[in-house]
Amino acid sequence: MTHFIADSQTIANDLMPNLGYEIEEFQYHTWRITSWGNLEKRITGPEFEAGGWKWRILLFPFGNNNSNVVSIYLDFADLKDAPTGWHSCVQFALLLWNPEDPTTSIYHNAHHCFNAEEPDWGFTRFCNQHKLFTPSEEHTRSLIENGCCNITAFVRILKEPTGLPWHNFVIDYDSRIVTGYVGLINQGATDYMNVELQLLFSIKYFRKAIYQILTEDDEPIKSIPLAMQRIFYQLQASNTSVETTELTKSFGWDSSNCYVQHDVQEFDRVLLDYLENKMKNTNADDTIPRLFAGKMKSYIRCVNGYKTLNDSFMNYILEKSCEGINKYQTENYGLQDAKKSVIFESFPPVLRIQLKRFEYDLQGNTIVKINDRFEYPLEIDLQRYLSPDSDRSKPHNYLLHGVIFHSGYLHEGSYYVFIKPEKNGKWFKFDDDRIIPVTDNEVLEDNAINSINAYMLIYIRESDIDFVLSPILAEDIPKHLQRRLDEEKALYEQRKKETEEPYLYLSTKIVTPDIFEHYQGFDLVNFKERQYPLSEIPQVKVLKTETYEAFKAMVAHKFDIPVEQIRLWIFIKRQNRTIRPDTLIFDSFLGEKMEKIRRKMVPRCNELKLFLEVAKTTNGKVIWFPPAESSFHILVFIKYFNPDTQSLKGICHLYVQRFDQVSKIIPILCEKKEFPPNTSLKIYEEIKPDMIEEMNLIITFQQSEIQNGDIICFQKALTEDEIQEHNSAGRIHDIPTFYESLSMRIIIKFKPKYIDKRQSPEFMLVLNKKYTYDDIAKRVAIFLRTDPLKLRFTTAYQTSGANKTVIKRTTTQTLSEILQTTYPPGSVLLYYEMLDINIVELETNKFFKVYWLGTTVKEEDVIDIFLPKTAIVNQIFQIIVKKLALKHNSRIRLYSVLQYKIQKEYDINDSIDEIQENVTLYAEEIPQDEIDLGANDKVIQVYHFIKDPLCTHGIPFKFVIKAGEPFATTKLRLKLRLGMNAKDFSKVKIAIVQALSYAKPQYINNGKYTHFSIDLYKFKITDKCHYTHPIDVILSDYGLTDEFLGLDHFVFHKLEIAV
């Protein structure tokens, strides 16, 4: 044991790797254990000191919630005496060993930032129980003998400059407090965007320029500059991580776009290009070129993966020879030997250097990452890389400002960035919403992980650093930006408080007279019936303990009405399922708490629905309310029906005398609508949606059973001629029938079927279930301000929302019959198209878009074809010949494509009615080699895919396989047919693919089949042969019939910002 103790430092070095941190103190402690079988389930060893604090070993001899293992931890024993915010960075190893034979042992090591929330750390599955008492194959003795063993803790207290290594960020970590900065929330795969935004934010001159773009009248989700201003301001002022959802929405992206990772350099280019255009003719004009643009020139002079940044610069400007097959094509002298190079004429204040981490792997037909170590300095002088005649009036010494890292692969990786935001400040690591301090050593990639992941370097010219990083002053930030965000923050905090403490608040909905007077429907408003448009009703949340007097003052303030001019009525749900203001809250309740009022008046409701009654003023004189104790007055609500405009709307509320005849209200109603006093009226009561009864004018309101909150409707009495005129015009002429029509209403959401340059809107309309196709088209046309005959509609699947069936204008079905399915309230969807032609013509004709291909299988033109359904394909050919001014005898091919494969080639006499709507149509002149087809030549289909033959893309085409032609010649013809340059075509792998099966493609490498088992039955050989040497390939020898020629090559999906 003495020998073991003497070598503790050596043993610790063997058990624990060097993490690269300075060791502040090293200690070890051995705990001798006897009578293992009699130990308690949880036990701690003697305390020992390390780093000025007390520690101990924590042991669960029979496992921590797992009886099959032993659990051992290092435990901080000084928790009571530790100050607030205490932490200790520790590397440790725990070794369990036989005291009689120290070589019989087992150990584990770890490192951890011990703190008040995580005072112990170690190994729940330190060792399986059965290994403790059974000798292993390498040893003759067991770990525990006679119930005895030793456990030694080797402890290194590390001196870590930032104080935050290995932080789990789960508990009690505030990046604003620790670093002075906050992060950005990752929406799925937007880390590339987050690192770019943090870098641009750190360049204060750029931040000021963004603030100078005029955005006061913009909406964040429709304005990229405003969305960026809001992000920058929140990064500056917020104490929590910042959302980027508004910015991505302003790009025209939905949530699915946020799960697609893009290249940070590509995002930087697209974003800065857009912002540069937005800054033109503003105070921020020329900001981007001033910061980021340098000058270089390339030259060609006719004659007869580097390890460091300096090496890379030197290689970049190195003169290279253009000789042999790489000769330079001159305009007047043909191919010439040449020298080419690049010369730097100037460098920008902010220099961004992208390291070439990705390249195309021809063998694997994919983009691969280069994980080579690359060294870069904190400071670099670039003057020696400038051209001799460049401006050298100021030094070109550059200081490292940021490093973007990319870990992983092309489409499966993550970005983070190291930034030094201040000239003489610290470095920080920005990893989405996690920010921690880092050391210079970490920035310079002293650890192996960073050394292979550096992707982009950002340097600032030392002489320009003061202006590039000049402080942001209060006047630099737009006032409207601060105001809007402060208001939103206050509202958010209020709602958050209400959400977190819902039991403290009572929700109220306040219906004002103005809301009633603009409402058309049943009752006074629509609170919750979603098959009809919901009313927009102001909500007020009040503490349940607040008095009615305070609440009443709050409502008066909200609506800017003197408190003495308002009264509040509670809506009650009646037995007939209507909701009416029935009960007045008297002023005798002013001292009562709001929750008590709710429990007393509407105990079954969790909220209060209130009508705000406002005392009227006439000639500056307030008309006060009837006495609260009066039982003679009834509050009624008045609606007026106008058959000319087909509208039924609230016009007022008023009081009637209980014992007055109903006819006494007629002069009042005439006065409200400015009718002559003797105008004949028809008066009805809205009892419930399906019960609208005409009132008897000669009986009293009490006899009519009128009570507070009832609704009285009226209209002019119509003559027979007027009724006939309304009927002829298709208008409803009376109140009961109009109410019946209201029950047939349905909300339809309309979405454009295709995205086009017109930016057609999404919108909702309230329609009638009995509407015909023309009724629907007429109302949509009014909204879109277009011709109803230039609209076409398509139904949608209820679950997915995908296009379903085009609705024919000739249908005799009503809207209800067209929809067929019973939809949930408020969810009915129809797609619409805005046509360039009349739908009557469209339904009797067929419309196609035909994409015309050039000689290199690329779309050169789009031809609109509009012909009667009885036309034949030859008529399409005639239109193409005329449109493109082709020769009269041109031989044209028309073929349809579905899922990037040719579905059908059409004969000139085929009816165009056979062409399906869901295919893409291509047309081309038939190539000459196909016209001159030899007796043994064959025409096959060629299509494009990526790795898997089912992952198709591009435009398929027909291609001639010439009898006896060497594959090298076939490849050359393919290259010319595709119009690809040699470099791009070299990345294409060619394969034979079975058309009617899912068999693996047979690849042809450089004109030879190599190391494949190939079925040679077509050569009348019945066996399968495995070739171990290449054989020359002549495709015509294979007698291809059902096979395709597949082109396996990679395609990039470009990042797009839709603006």
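## Exercises on a predicted model

Leucine 95 stands opposite tyrosine 107 in strand 7. The model is predicted.

**Exercise 1. Find the strands of the open sheet, their order and the edge strands.**

Solution. 
- Start with strand 6, residues 87-98, and strand 7. They pair in the antiparallel sense, over twelve bridges.
- Extend to the whole sheet. It is open and has four strands, in the order 1-9-6-7. The pairing is antiparallel.
- Look for strands that pair on one side only. These are strand 1 (22-33) and strand 7 (101-115), the edge strands.
- From one strand to the next it averages 15 degrees.
- Now place helix 2, residues 8-15. This helix packs on the sheet and touches strand 1, strand 6, strand 7 and strand 9 (149-159). The direction of helix 2 makes about 80 degrees with that of strand 9.

**Exercise 2. Describe how helix 5 and helix 7 pack.**

Solution. 
- Two packed helices are described by the angle between their axes and the distance between the axes.
- Locate the pair: helix 5 spans residues 191-202, and helix 7 spans residues 224-237.
- Take the angle and the distance. The angle is about 75 degrees, and the axes lie 11 Å apart.
- Classify the angle. Values of 65 to 115 degrees count as roughly perpendicular, so helix 5 is roughly perpendicular to helix 7.
- List the residues that meet. Helix 5 brings Leu197, Gln198, Leu200 and Phe201; helix 7 brings Met228, Ile231, Phe232, Leu235 and Gln236.
- Sort the residues of this contact: seven are nonpolar, two are polar and none is charged.

**Exercise 3. Is helix 6 largely enclosed or open, and which of its residues are buried?**

Solution. 
- Helix 6 covers residues 204-211.
- Apply the cut-off: buried means under 20% relative accessible area.
- Name the residues that pass: Lys204, Phe206, Arg207, Lys208, Ala209, Ile210 and Tyr211.
- Conclude. Seven of the eight residues are buried, so helix 6 is largely enclosed by the rest of the structure.

**Exercise 4. Describe the surroundings of aspartate 864.**

Solution. 
- Aspartate 864 sits in strand 42, residues 859-868.
- The relative accessible area is 45%, so aspartate 864 is partly exposed.
- Leave aside neighbours within four places in sequence. Aspartate 864 then contacts Phe847, Phe848 and Lys849.
- Compare sequence with space for phenylalanine 847. It is 17 residues from aspartate 864 in sequence, and 7.3 Å away in space, C-alpha to C-alpha.
- Finish with the side chains. Aspartate 864 and lysine 849 are joined by a polar contact of 3.1 Å.

Note on methods: Residues numbered from 1 in each chain as written. Predicted model: local features only at pLDDT ≥ 70, side-chain atom pairs only at ≥ 80, totals over all residues. Heavy atoms only, no water. Pairing = 2+ DSSP bridges. Helix = DSSP H or I, 4+ residues; strand = E, 2+ residues; numbered from the N terminus. Axes fitted to C-alpha atoms, helices over the stretch in contact; angles between N-to-C directions. Contact = heavy atoms within 4.5 Å. Parallel < 35°, antiparallel > 145°, perpendicular 65-115°, else oblique. Nonpolar A, V, L, I, M, F, W, Y, C, P; charged D, E, K, R; others polar. Buried < 20%, exposed > 50% of the residue type's maximum accessible area, 1.4 Å probe, protein only. Polar contact = N/O pair within 3.5 Å; in protein donor to acceptor, adjacent residues only side chain to side chain.
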